[in-house]
Amino acid sequence: MRTVELLLDETAEQVVREAWRRLADAGLPSQARHRSPTNSPHLTLAACPELTAPIRWELAEVAAALPLPLPVRCTGVVRFERPTSVLAWALDLDSALAGLHRRVWEAVASDSPPETLNPFHEPGRWAPHITLGRTRRAGAFADRRIPELLPAPPLSIRLTTLRSYDTRTGTLEVLRPRP
């Protein structure tokens, strides 16, 4: 599987890493436990089985049109229970982020079998967020005191780099405009 993600500016990344550390120190599921050098705070826009030539072409167009850095507003803590329990900071889905997401979704959907796409990434269902912790244990983040453990979320985050992560090989690729 290949993800399409946006990385955070350095200041926001440090705040997210502090949240990861605090969760881990409290014995809670945390992204800090993922020791891969590719593990960085990010916003996942979509995922697809592979980046085929048509998808790459479209993503190069998206990268060329990106107004980077793209500012987004953090709206607070959110929890998801979908096949995994996720604790995250939610992001405001303003028109710029919604438009960017739609273009990325259309790119990956253009050359991927529909059944291989995550329905939670589909426009209208996608909830932009920065994952702080995740686990297969249902209800892991139900404790109402968890938000008190976290640093204050950054009010504004700047999204800086479009990249793809290959879950099979563990490699990263920065997605750039065509030369």
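## Asking around the fold

Q: Is Ser-30 buried or exposed?
A: Ser-30 has a relative accessible area of 3%. That comes from a predicted model, where local features need pLDDT of at least 70 and side-chain atom pairs count only at pLDDT 80 or more, while totals for chains, interfaces and linings use all residues. Residues are numbered from 1 along each chain as its sequence is written, and side-chain values use heavy atoms, with hydrogens and water left out. The cut-offs are under 20% for buried, over 50% for exposed and partly exposed in between (1.4 Å probe, protein chains only), so Ser-30 is buried.

Q: How do the buried residues of helix 1 sit around its axis: on what part of the helix?
A: Those residues are Ala-12, Glu-13, Val-16, Ala-19, Trp-20 and Leu-23. They fall within an arc of 120 degrees seen down the axis of helix 1, the arc being that of the directions from the helix axis to the C-beta atoms. On the other side of helix 1, Glu-10, Thr-11 and Asp-25 are exposed. So the buried set of helix 1 lines one face.

Q: What is the distance between the end C-alpha atoms of helix 2?
A: The expected span of a helix is 1.5 Å times one less than its number of residues. For the 13 residues of helix 2 that should give 18 Å. The model agrees, because the end C-alpha atoms are 19 Å apart.

Q: Which elements do the buried residues of helix 2 pack against?
A: The buried set is Ile-55, Leu-59, Ala-60, Val-62 and Ala-63. Down the axis of helix 2 they fall within an arc of 160 degrees, so they line one face. The packing partners are strand 1, strand 2, helix 3 and strand 6.

Q: Which proline is among the residues in contact with Leu-159?
A: Leaving aside neighbours within four places in sequence, the contacts of Leu-159 include Leu-6, Leu-43, Leu-68 and Leu-97.

Q: What is omega for the cis peptide bond joining Leu-68 and Pro-69?
A: Most peptide bonds are trans. Pro-69 lies in the loop between helix 2 (53–65) and strand 3 (70–82). The cis bond from Leu-68 to Pro-69 has an omega of about -5 degrees.

Q: Which residue's side chain makes a polar contact with the side chain of Arg-163?
A: Arg-163 belongs to strand 6 and, at 5% relative accessibility, counts as buried. A polar contact is a pair of N or O atoms within 3.5 Å; within protein, one must be able to donate a hydrogen and the other to accept it, and residues adjacent in sequence count only if both atoms are side-chain atoms. At 2.5 Å, the partner of Arg-163 is Glu-5.

Q: How many disulfides does a search of the whole structure find?
A: Cys-48, at 0% relative accessibility, counts as buried, and Cys-74, at 7%, counts as buried too. A disulfide is a pair of cysteine sulfur atoms within 2.5 Å. The whole-structure search for disulfides finds zero.

Q: What is the relative accessible area of Ala-152?
A: Ala-152 is found in the loop between helix 4 and strand 6. Not counting residues up to four places away in sequence, Ala-152 touches Val-15 and Trp-89. Ala-152 is exposed, with a relative accessible area of 63%.

Technical notes. Contact = heavy atoms within 4.5 Å. Helix = DSSP H or I, 4+ residues; strand = E, 2+ residues; numbered from the N terminus.
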